Amino acid sequence: MSELGLSRRRVLGRGLQFSGLGLATWALSSCDQGPKVVACAGPNNLTFSENSLRQASHYVEEAPDPAKNCTGCGFFTAGEGGSNCGKCEIFLGPVNARGHCDSWAAKKA
Ligand code: SF4
């Protein structure tokens, strides 16, 4: 009986150790890895053709090259009040200031 109790205690102890390990792993994996990227227009808020155009142009919410993001693009109009979201003339809708697509063209000075 005491062996069974000890065994049960061990099993419970191991279970707690594993769940603690799992919790620690989850906590580490969900740590913030830099500023969050804002999605200015989710796919559910756009029409099929708007989504298709964005996909065909390889639009991303965060430019791989920060020097070539939407803020520096001639088709971009910044949002009001310092918003991360502005407007794109090509997509006729909201885009992330840090975004990028194949149509990127340097803003003229
Ligand atoms: S054309 Fe592309 S890079 Fe330029 S503002 Fe629109 S989405 Fe951004």
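**Notes on the predicted model**

1. Let's start with A78, which lies in the loop between β1 and β2; helices (H or I, at least four residues) and strands (E, at least two) are DSSP runs here, numbered from the N terminus. A78 is exposed, with a relative accessible area of 56%. For that label, exposed means over 50% relative accessible area, buried means under 20%, and partly exposed is in between, using a 1.4 Å probe and protein chains only. From A78 to C88, 10 residues along the chain, the C-alpha atoms are separated by 8.9 Å.

2. A word on the ground rules. This is a predicted model, in which local features need pLDDT of at least 70 and side-chain atom pairs count only at pLDDT 80 or more, while totals for chains, interfaces and linings use all residues. Residues are numbered from 1 along each chain as its sequence is written, and side-chain values use heavy atoms, with hydrogens and water left out.

3. Now the overall layout. The chain has 2 helices and 3 strands, and along the sequence they come in the pattern α-α-β-β-β. Of the 109 residues in the chain, 21% are buried.

4. Which residues surround the ligand? They are Y59, C70, C73, F75, F76, C88, I90, F91, C101, S103 and W104, where being near a molecule or strand takes one heavy atom within 4 Å of it. Sorted by class, this shell has 10 nonpolar, 1 polar and no charged residues. The classes work like this: Ala, Val, Leu, Ile, Met, Phe, Trp, Tyr, Cys and Pro are nonpolar, Asp, Glu, Lys and Arg are charged, and the others, Gly among them, are polar.

5. The ligand takes up the space of the largest cavity; a molecule sits in a cavity or pocket if more than half of its atoms lie within 2 Å of its grid points. A cavity, on a 1 Å grid over the protein atoms alone, is a set of points where a 1.4 Å probe fits but cannot get out, whereas a pocket is an open set with protein on both sides within 12 Å along at least five of seven lines; lining residues have an atom within 4 Å of a point. Searching the whole structure turns up 1 cavity of 30 Å³ or more. The volume of the largest cavity is about 100 Å³, a volume being the space filled by probe spheres set on grid points that are joined across faces, edges and corners. Its lining has 13 residues, and those closest to the centre are C70, C73, F75, C88 and C101. By class, the lining of the largest cavity splits into 11 nonpolar, 2 polar and no charged residues.

6. On to the largest pocket, with a volume of about 160 Å³. Lining the largest pocket are A41, G42, P43, L46, N51, R54, Q55, Y59 and E61. That set divides into 4 nonpolar, 3 polar and 2 charged residues. Note that Y59 is listed for this pocket and also for the ligand shell.

7. How many aromatic pairs does the structure hold? There is 1. The rings of Y59 and F91 have centres 5.7 Å apart and planes at 90 degrees, so this pair is edge-to-face. For the record, rings of Phe, Tyr and Trp (its six-membered ring) pair if their centres lie within 6.5 Å, and planes under 30 degrees apart count as stacked, over 60 as edge-to-face and the rest as tilted. The pair links distant parts of the chain, 32 residues apart: Y59 sits in the loop between α2 (48-56) and β1 (76-77), F91 in the loop between β2 (85-88) and β3 (93-96).

8. Is F91 buried or exposed? F91 is buried, with a relative accessible area of 5%, and Y59 is buried too. F91 and S57 are 34 residues apart in sequence and 9.6 Å apart in space, C-alpha to C-alpha.

9. Two backbone angles to look at. Most residues other than glycine have a negative phi. H58, not a glycine, has a positive phi near 55 degrees. H58 lies in the loop between α2 and β1 and is exposed, with a relative accessible area of 52%. L92 is not a glycine either, and its phi is positive at about 55 degrees. L92 is in the loop between β2 and β3 and is exposed at 66% relative accessible area.

10. Last, A39, in the loop between α1 (2-29) and α2. A39 is exposed, with a relative accessible area of 54%. A39 and G99 are 60 residues apart along the chain, with their C-alpha atoms separated by 9.4 Å.
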